[in-house]
Amino acid sequence: MPKIYLSNGLEFNSVDGQTILDAARQNNTAIEHSCRNGRCGVCVAPLLEGETDAVIDEEFLGKSKGKVKVKDKTEGVNILTCCRVAISDIYLDIEDLGIIGSLPLLTLPCRIDSIKKLNDDVVGIVLRLPPGRDFMFCAGQYIDLIHAGIRRSYSIANSPRTDGK
């Protein structure tokens, strides 16, 4: 059972055939990710030591499936944690997301409450959440807005509000 080590000292086990991202999630460790299929590059991680194998093509990095082995931490190579499994103990130059990882993933229907042009290239959008639904978030977090099959990510630019918006 390979062990995965993060640069902030956190470590967790991985089951054979389990992606690094899935192993982190199973061990209540949140690491950055988004698409989970190798296209976006959000889960990119420098591999400092160890051996991994790609179970999904790493489209963002322009790599197809294959093994990567790093013996010397000065040689590091980038991998996508959603696409690779650990074959040996590995060392990644990433940190967990801390408290953000404890927030539940939600899909909520919302309505646009208001749209305001803030300057030439920034628009403020206020969304109205369903009554009684708590939406907790941390500074720096983003949300995906989905409409008619199109998904776009946007940063949350305010602190939590009590009015359901």
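Modeller: Rings of Phe, Tyr and Trp (its six-membered ring) pair if their centres lie within 6.5 Å; planes under 30 degrees apart count as stacked, over 60 as edge-to-face and the rest as tilted. This is a predicted model, where local features need pLDDT of at least 70, side-chain atom pairs need 80 or more, and totals for chains, interfaces and linings use all residues. Residues are numbered from 1 along each chain as its sequence is written, and side-chain values use heavy atoms, leaving out hydrogens and water.

Biologist: What makes the pair of Tyr5 and Tyr91 stacked?

Modeller: The ring centres are 4.5 Å apart and the planes sit at 10°, so the pair is stacked. Tyr5 is in strand S1 and Tyr91 in strand S7, 86 residues apart; strands are DSSP runs of E, at least two residues, numbered from the N terminus.

Biologist: Why is Tyr91 called partly exposed?

Modeller: Buried means under 20% relative accessible area, exposed over 50%, partly exposed in between (1.4 Å probe, protein chains only). Tyr91 has 27%, so it's partly exposed.

Biologist: And why does Val123 count as partly exposed?

Modeller: Val123 comes in at 48% relative accessibility, so it gets that label too. Val123 is found in strand S9.

Biologist: How do you know that S8 and S9 pair?

Modeller: Two strands pair if DSSP finds at least two bridges between them. Here 7 bridges join S8 to S9, which run antiparallel.

Terms used. Helices (H or I, at least four residues) and strands (E, at least two) are DSSP runs, numbered from the N terminus.
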